[in-house]
Amino acid sequence: MKDLLNDIRSLKYKGLPGCKSYYIEYSEWFSKLKFNDLNLRVLDIGCDLYNTFYYFLKYKGFNIDYYEGYDINYHLIIKGNNKFIDKENLILETFSKKLESSFNLIKIDCEGCEYDFLNIMGFKKGNKYSIAIHNFKGLEYRFNFWKYELKNFGFKLAYVTADKLEYVYVKN
């Protein structure tokens, strides 16, 4: 029965390849975020090729004032000023400036590179966050550390994938 309901919920996305599972995941955790208005300024770190989160928000009726999505391919992140801070090509200055902008929803789901972002992130009061942490082989220490830390920062567990490799935490 659950599969049938998931299929029905994802019909809106039938024209976008590969979007069914994203839609189901977004529905699960997004319902746990509370919004006072419908105007969003979104920073989406790890948006996928199809920007499904953008379409999901539009389908839910949100007015998106600004949407900035970064498609992240493994650990190659935010190129621009050629000042790399480590072997994974992360650019600290660019990301820090983005965080200082007036986003009211920050979503991070970048298949393991979230740990590098979390190490330099401060969580602004009033912002809404959705952060997926991944329990991939070789990342167990980071996964366990951030699972504990996100709870300390007031995040709530909102979604776990069936394979238990991705845990999504939200903060209102």
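**Confidence**

I looked up the confidence first: this is a predicted model, and the mean pLDDT of the chain is 75, with 69% of its residues at 70 or more. pLDDT is the predictor's confidence in each residue, from 0 to 100. A contact here means heavy atoms within 4.5 Å. Residues 73–90 are also below 50, with 37 contacts beyond near neighbours in sequence.

Ground rules I noted: as this is a predicted model, local features need pLDDT of at least 70 and side-chain atom pairs count only at pLDDT 80 or more, while totals for chains, interfaces and linings use all residues. Residues are numbered from 1 along each chain as its sequence is written, and side-chain values use heavy atoms, with hydrogens and water left out.

**The whole chain**

I got 6 helices and 6 strands. These are DSSP runs numbered from the N terminus: helices are H or I with at least four residues, strands are E with at least two. In order from the N terminus, the elements read α-α-β-α-β-α-β-α-β-α-β-β.

How much of the chain is buried? I noted 44% of the 172 residues. Buried means under 20% relative accessible area, exposed means over 50%, and partly exposed is in between (1.4 Å probe, protein chains only). The chain exposes about 9,700 Å², and carbon and sulfur atoms supply 52% of that. The areas come from the Shrake-Rupley method with a 1.4 Å probe; for residues, only the protein chains shown count as cover.

I also checked the contacts with a separation of 6 or more: residues 24 or more positions apart account for 59% of them.

**Aromatic rings**

I searched the whole structure and got 21 aromatic pairs. Rings of Phe, Tyr and Trp (its six-membered ring) pair if their centres lie within 6.5 Å; planes under 30 degrees apart are stacked, over 60 edge-to-face, and the rest tilted.

Y66 and F103 form a tilted pair, 6.0 Å centre to centre with 40° between the planes. Y66 is in strand 2 (residues 63–71) and F103 in the loop between helix 4 (92–100) and strand 3 (105–108), so the pair ties together parts 37 residues apart in sequence. Y66 is partly exposed at 34% relative accessibility, whereas F103 is buried at 4%.

Next I opened F123 and F155: their ring centres are 5.0 Å apart and their planes at 70°, so this pair is edge-to-face. F123 lies in the loop between helix 5 (114–118) and strand 4 (128–134), and F155 in the loop between helix 6 (140–152) and strand 5 (156–160), so parts 32 residues apart in sequence are tied together. Both F123 and F155 are buried.

Which residues do ring pairs link into a cluster? I wrote down Y26, W29, F30, F35, F53, F56 and F62.

Two lysines went into my notes as well. K107 lies over the face of F53, at 5.3 Å from the ring centre. The charged end of K128 sits over the ring of F35, 5.4 Å from its centre. The cut-off for a charge over a ring is NZ of Lys or CZ of Arg within 6 Å of the ring centre and within 35 degrees of the ring normal.

**Helix 3**

The buried residues of helix 3 (residues 52–59) are T52, F53, F56 and L57. They cover an arc of only 140° around the axis, which puts them on the same side of helix 3. That arc is taken from the directions from the helix axis to the C-beta atoms. An α-helix has 3.6 residues a turn, so residues three or four places apart point the same way.

Just after helix 3, G61 takes a positive phi of about 95°. I found another positive phi, near 60°, at K164, a residue other than glycine. K164 lies in the loop between strand 5 and strand 6 (166–171).

E111 is in the loop between strand 3 and helix 5 and is partly exposed at 40% relative accessibility. Which residues does E111 contact, leaving aside its neighbours within four places in sequence? I got H134 and F136.
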